[in-house]
Amino acid sequence: MTIRSKAITFVSLSALVPCVLAAVLLVLADRALWAFLVCVPGIIWALFLAWVLGRTHRRVLQELTARARDVVSGNLTAFRVSDDTHRAFPAYAEQLAAVGTALEARFEEVRQQVAEQAQEIERMTQHVAEAKHEQDRMSTVLMEREYTMVQLKRSLKELQRRCGEEMVLPEATTVPTEHDAAEMLHDKAAMLNVLEDLEEEKSLLATEKAKDEAILKSIGDGLMVVDVRGRITFLNEIAKELLGVSFVDPSTNMSVVLKGIRDAKSEAEVSLETLPLAQAVQGKSVEKQDLLIRTPDAPDGCYISMTATPIMVSGLPMGAVATFRDMTKEREIDRAKTEFVSLASHQLRTPLSTINWYAEMLLAGDAGELNDEQRTYLDEVYQGNQRMVDLINSLLNVSRLELGTFSVDPEDTDVVALAQSVLNEQAPQVKERDIQLSATLDPSTPHLYADPKLLRMVLQNLISNAIKYTPIGGSVSVKVEPSGDAISMRVADTGLGIPKEDQGRIFSKLFRATNARESDTDGTGLGLYIVRSVVEHSDGTIRFESEEGKGTVFYVELPLRGMTKREGTRTLS
Amino acid sequence: MTDEQRKKTVLVVEDERPLLNAISIKLERSGFDVVTARTVEQALGYLSDVPNIDAIWLDHYLLGKESGLDLVTACKSEGSAHSGIPIFLVSNTASADKVQSYLKLGVNKYFVKAEMRLDAIIEDMKAELAIEEA
């Protein structure tokens, strides 16, 4: 029970006690009715008193609760008691008012302290923001320095590479991302160290650069370096001379100096994207592409061979380097050599014809009958001479292909009939070597507008090679069929095969595979060179699959649009 | 008509003496009469002097300044008495355009010397002459 309840109970009971005593006395005096009449008003009075006291007490409590709320909410100016309460409990109200005043003063103090602390917090927040800003700035500076150092290091390594020298550089500092103020100071110090290192590197780089420039100036080839956007960062004197430019502004785009460059063979203008340097900027190396540059100083053109290599950093292209060599002299020498071969071959033909015809007459008995031994010897002379004639013819064909003096006379050609005719020609060799020859010549193969002599040359070389280099009893198969917008020819054998190490050179002039050379001395190394030249001049393709000891398959595809007529001074034979 | 009268005469125009000899021998063995010349001038002289020349075996490069082409041009020119004589070009060195010029002027056939047997050329020539005669 609370004190408040006890007080109310006490006051109520004290009002009830006289009535109860009077009622007891009246009961004892046998006056029950009087006793009841005395007791009821007493009880009613006691209840009334209890109600009044309880109500007043509740109001005080409500007042106290309200003030308590004011205290909590800081509303101390309203910390007053009502007039009723003041009248009912003046002393209590006075005390409450005093408490309110004291609380108000205390609250004022607290408010001031809070305001001061808020100001302090504001100031600190500002300080933190400034510190953060400074940190960001420092981070940016560090990153810039880092980038500069990596760039310098990269340039230096490139120079070292060119000079063929080794030098160990400090590893790039890792760029911090977040630091507190103390760490920032530390970074600042580290950055200063890096800058010192950079100064040293710069000085070293300047020395290397001077050395490098001297080397680059002294080399006889043109050299051009571009960045990833194709802007020229270096162009040596030879390059300027070859490209016909006297001065190039730094960061000029390569397209400015490479404009109008042509393909050496077709002399057609080459688009910038297909030039070796542009491809190298995309990360692809290109070796020895022959190009033609026509400049006002060299209207006939200057032939160059361009090689371009990408500059890769962490797997990403950062630019490219191109070197180009003046091929004009080499081409002149090559042409002179080819012309010499052509002339010499022509001159050789006359004495060869003499040997041929006299041997033929002797063998025919025009100068009297020969004995067997004489016939055998003379037959060797005749066969040897025939080989010489074949070699001379091949050399002449090569020189005509290289000089571009051969003519192409296309006509409506039945490729199937042509292939059959070549196969028939080879019948003696097929029989001699016991070769299983199979031919699949699709009769639906369309006729081709092609030079039959050239086409025959292709088939003859491929089929005779297959027979010649297939062991006795082996098999050779020939297939001719239409294939989309081309005619496909396939010559397969179970012969020697081309050794892997020789496969890259099999179409080279005068090259013979090691195993072919070892097994047969009779061969010029010109057949496949001529075949490829003819096929490529006809816009066709040739490829092969081969395994040493198992055999070879040659695939030729010639476009159905056929060959283009070409007026030459010589025919291939 | 005797056998001698039926023999055909071939004018061989070739600058290389060994080849000229071989051709002459082989033609004679094959039943022809042969007259030989090493220059255009000599050849034109024989054409005027020797009656009934049935065929001309001609090389391109000859001694002297003129070539086989000059001889053909002279033979095939308008009003020439020799325009009907079949001509066989047998050469190692005539270029494709020259060969075309010969054929356009009316040369019957062209053979590459180094690639042909003598008897094969003669057989071919005989066949061609038989066609001409018919």
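The legends below describe views of a predicted model.

Figure 1. Chain A holds 16 helices and 13 strands. Of its 573 residues, 38% are buried. Among the contacts in chain A with a separation of 6 or more, 63% are between residues 24 or more positions apart. Chain B has six helices and five strands, and its elements follow the order α-β-α-β-α-β-α-β-α-β-α from the N terminus. In chain B, 47% of the 134 residues are buried. Of the contacts in chain B between residues at least 6 apart in sequence, 64% join residues at least 24 apart. The accessible surface of chain B is about 6,500 Å², with 47% belonging to carbon and sulfur atoms.

**Figure 2. An open sheet of five strands in chain A.** The strand order is β8-β10-β11-β13-β12, and the pairing is mixed. Strands β8 (436-441) and β12 (541-547) of chain A are at the edges; each has a single partner strand, so one side of each lacks a neighbour in the sheet. On average, neighbouring strands are turned by 10° against each other, direction ignored. Strand β8(A) pairs with β10 (residues 475-483) of chain A in the parallel sense, over six bridges. Within β10(A), A:V478 is the bridge partner of A:A439.

**Figure 3. Two helices of chain A and the strands they meet.** Helix α13 (residues 452-468) of chain A packs on the sheet and touches β10, β11 (486-493) and β13 (551-559) of chain A. The direction of α13 makes about 20° with that of β11(A). Helix α16 (residues 527-537) of chain A lies across β12 and β13 of chain A, and runs at about 145° to β12(A).

Figure 4. Over all chains, the count of aromatic pairs comes to five. In one of them, the ring centres of A:W357 and B:W57 are 6.3 Å apart and the planes stand at 85°; the pair is therefore edge-to-face, as an angle over 60 degrees is the cut-off for that class.

**Figure 5. A cluster of phenylalanine rings in chain A.** Ring pairs link A:F507, A:F544 and A:F554 into this cluster. The rings of A:F507 and A:F554 have centres 6.3 Å apart and planes at 75°, so this pair is edge-to-face. A:F507 is in the loop between α14 (500-503) and α15 (514-519) of chain A, whereas A:F554 is in strand β13 of chain A; the two are 47 residues apart, and the pair links distant parts of the chain. A:F507 counts as buried at 10% relative accessibility. A:F554 is also buried, with a relative accessible area of 10%.

**Figure 6. Arginine side chains over tyrosine rings in chain A.** The charged end of A:R331 sits over the ring of A:Y303, 3.7 Å from the ring centre. A:R543 lies over the face of A:Y555, at 4.0 Å from the centre of that ring.

Methods
Residues numbered from 1 in each chain as written. Chains lettered and ligands numbered in written order. Predicted model: local features only at pLDDT ≥ 70, side-chain atom pairs only at ≥ 80, totals over all residues. Heavy atoms only, no water. Pairing = 2+ DSSP bridges. Helix = DSSP H or I, 4+ residues; strand = E, 2+ residues; numbered from the N terminus. Axes fitted to C-alpha atoms, helices over the stretch in contact; angles between N-to-C directions. Contact = heavy atoms within 4.5 Å. Phe/Tyr/Trp six-rings, centres within 6.5 Å; stacked < 30°, edge-to-face > 60°. Buried < 20%, exposed > 50% of the residue type's maximum accessible area, 1.4 Å probe, protein only. Lys NZ or Arg CZ within 6 Å of the ring centre and 35° of its normal. Areas by Shrake-Rupley, 256 points an atom, 1.4 Å probe, with all protein chains shown as cover.
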